[in-house]
Amino acid sequence: MNLLTIENISKSYGERVLFQDLSFGINKDQKIALIAKNGTGKTSILNILSGADTPDAGQVNFRKDIRTSFLEQEPNLDQSLTVEQTILASDNEVLKVIATYERAIENPDEVDAYQSAFEAMERFSAWDFETQYKQILSKLKLEDLSMKVSLLSGGQKKRLALANALINRPDLLILDEPTNHLDLEMIEWLEQYFAKEKMTLFMVTHDRYFLERVCNEIIELDNGKLYPYKGNYSYYLEKKEARIEQESVEHHKSKQLFKKELAWMRRQPKARTTKSKSRIDDFQAIKEKAGKRRKEHEVQLEINMERIGSKILELHKLVKAYPNKPILDKFDYTFLKGERVGIIGKNGTGKSTFLNIITGADQADGGKVVVGDTIKFGYYTQKGIEIKQGQKVIDVIREFGDFIPLMKGRQISAQQLLERFLFDRKKQYDFVDKLSGGERKRLYLCTVLIQNPNFLILDEPTNDLDIVTLNVLESFLLDFPGCVIVVSHDRYFMDKIVDHLFVFRGNGVIEDFPGNYSDFRAYEDSMVIENRIEKEKQKEALKTPKNNWKQNDTKTNLSYKEQKEHKQLEKDIQKLEFKKGEIEQQFVSGDLTGDDITELSIALKEINDGIETKTERWFELSAKLE
């Protein structure tokens with residue numbers, strides 16, 4: 001079933017043409033990702049679909065009566081509402097029923113209103129829905145429902161907007177960089193949620209593992225044309241490579257044909273036949289085709305890094321804490337040449353604070369940071385750089401340097417570096433205000449690199465960068481001979497770049513894990529299983545041997561009925577423990593929908609309550625036996 005049709009849309013800003021005559025459709029249950037370079041129109045397409053912008057030409061047709069939700073990169077929320085009010089303010093009918101019931105609870109004297117609200121909750125099965133939406137809020141770390149939106153951080157606002165979009169259960173969900181501002185645990189949960197739920201998605205994201213595991217179709221916007229690929233990210237990479245090879249062959253043939261036709265054109269007399277005029281017209285098309293070439297600017301960053309001495313960076317018993325929140329607790333580490341460290345941990349565990357202490361932007365409460373005399377930091381922060389009013393792209397980078405030294409005594413100018421980072425000469429003289437968010441991040445990266453650092457510290461460098469630029473950055477970092485510290489929620493990026501991890505557990509606990517992110521996840525999963533098995537063993541060991549009252553010569557204080565009850569309780573508890581284990585195993589398997597999770601959670605609570613009640617009674621009877 002078709003939900004949305006886009007027909008021949010075009011968009012320009014002044015003389016700059018983003019795209020022309022683009023057409024595609026979105027069908028029910030498709031999970032589509034749009035891939036393109038920064039600044040080529042991804043966000044403009046999403047804004048057109050959401051109604052925030054209009055195309056210069058063409059039409060966007062939604063199927064009648066479908067419900068659509070749109071997650072923006074920077075959500076526009078009502079600052080005066082609380083988290084819960086923001087959720088309940090939705091157009092979702094079930095949420096309105098829940099909101100009415102919440103109001104009725106606050107006014108218990110109005111019996112008729114309460115009865116009506118209660119019946120509506122039953123009719124719409126709103127009890128389960130309320131449980132689900134609170135689980136979503138919990139997964140996205142939005143537990144304080146009474147907090148005002150105005151007090152939330154940018155990341156919390158993005159998570160609230162995402163929660164709102166998920167809870168509304170739209171027919172079509174349009175997402176702009178949904179994994180930005182989510183920690184790794186949240187990203188993996190969202191990945192599993194989308195993979196299992198029957199939802200129709202259209203998204204822009206740079207998270208390649210997310211693309212691989214969630215999407216079943218990729219649409220690439222390349223040089224103004226759309227190329228659909230019916231498969232996940234791996235399939236897209238394979239088919240794109242084949243397409244580029246085919247284009248290369250066709251381009252070669254076009255050049256050969258152009259040479260042949262050009263020779264013919266030069267031989268022709270002035271008086272031409274109708275047939276020859278037709279061939280002349282065809283020649284113009286051949287000429288245009290032969291003159292086309294792919295603008296694949298592969299960045300070559302052969303940076304001649306400044307020499308590193310024997311002393312790199314030493315951290316001695318670092319201590320840092322905020323009120324009731326320890327960040328570092330006597331942390332020790334000595335960096336070696338060429339180290340590549342990834343930093344992971346939940347939001348708020350102190351990752352950025354740690355980087356600021358290393359670079360001197362913040363001070364530790366105790367301990368010492370010793371930086372080698374030859375070390376020159378290149379610090380890419382989440383804040384980016386402040387752009388002065390009326391600045392052009394080339395002016396920004398020249399403030400940090402006019403050239404960068406390359407290998408073999410060569411050097412590259414600021415203009416050439418920008419070109420290699422996909423800013424052509426015309427773009428370099430554009431005002432920075434005209435750049436997209438991803439293009440600004442790319443420019444910021446250039447300002448860091450042109451200073452020729454030998455110790456790179458990158459705090460969330462992948463946010464807002466397109467996949468092409470990410471590949472460029474990865475290639476550079478793999479060849480970079482200096483030290484690298486990376487904080488990133490991009491699992492693919494971390495797997496490719498780092499050798500080991502600092503895992504920020506919170507409360508000042510930092511673990512040094514020897515491996516990349518996928519290694520860490522495999523280890524964590526294995527530990528979960530081992531811990532569960534160990535708990536089962538401990539439960540078995542703690543079980544009291546059965547008392548056989550017929551064989552026991554010792555006189556008991558239990559009646560015959562109580563002795564039968566005692567034996568039956570042991571059997572009942574054992575059965576409940578077995579059922580509990582089965583449900584917990586289903587949770588570990590990860591093959592559950594939202595409805596399954598709700599149903600199993602309720603069942604698990606009932607079983608735990610039953611175990612607790614029966615165990616208390618068993619202890620009462622056991623005490624009498626003693």
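Glu 191, Asp 207, Arg 213 and Arg 491 are linked in a network of salt bridges. A salt bridge is a side-chain nitrogen of Lys or Arg within 4 Å of a carboxyl oxygen of Asp or Glu. The model is predicted, so local features need pLDDT of at least 70 and side-chain atom pairs count only at pLDDT 80 or more, while totals for chains, interfaces and linings use all residues. Residues are numbered from 1 along each chain as its sequence is written, and side-chain values use heavy atoms, leaving out hydrogens and water.

By the salt-bridge rule, the count comes to 30. Asp 53 and Lys 11 form one, at 3.2 Å from N to O. This pair links distant parts of the chain, 42 residues apart: Asp 53 sits in the loop between α1 (42–50) and β4 (57–62), Lys 11 in strand β1 (residues 2–13). Helices (H or I, at least four residues) and strands (E, at least two) are DSSP runs, numbered from the N terminus. Lys 11 is buried at 7% relative accessible area, whereas Asp 53 is partly exposed at 21%. Buried means under 20%, exposed over 50%, and partly exposed in between (1.4 Å probe, protein chains only).

Glu 474 and Lys 496 also meet in a salt bridge (3.2 Å, N to O). Glu 474 lies in helix α16 (residues 467–479) and Lys 496 in helix α17 (residues 491–497), so the pair ties together parts 22 residues apart in sequence. Glu 474 is buried, at 0%. Lys 496 is partly exposed, at 35%.

Strands β19 (residues 500–506) and β20 (residues 509–513) run antiparallel, joined by 5 bridges. Strands pair if DSSP finds at least two bridges between them. Phe 504 has Ile 510 in β20 as its bridge partner.
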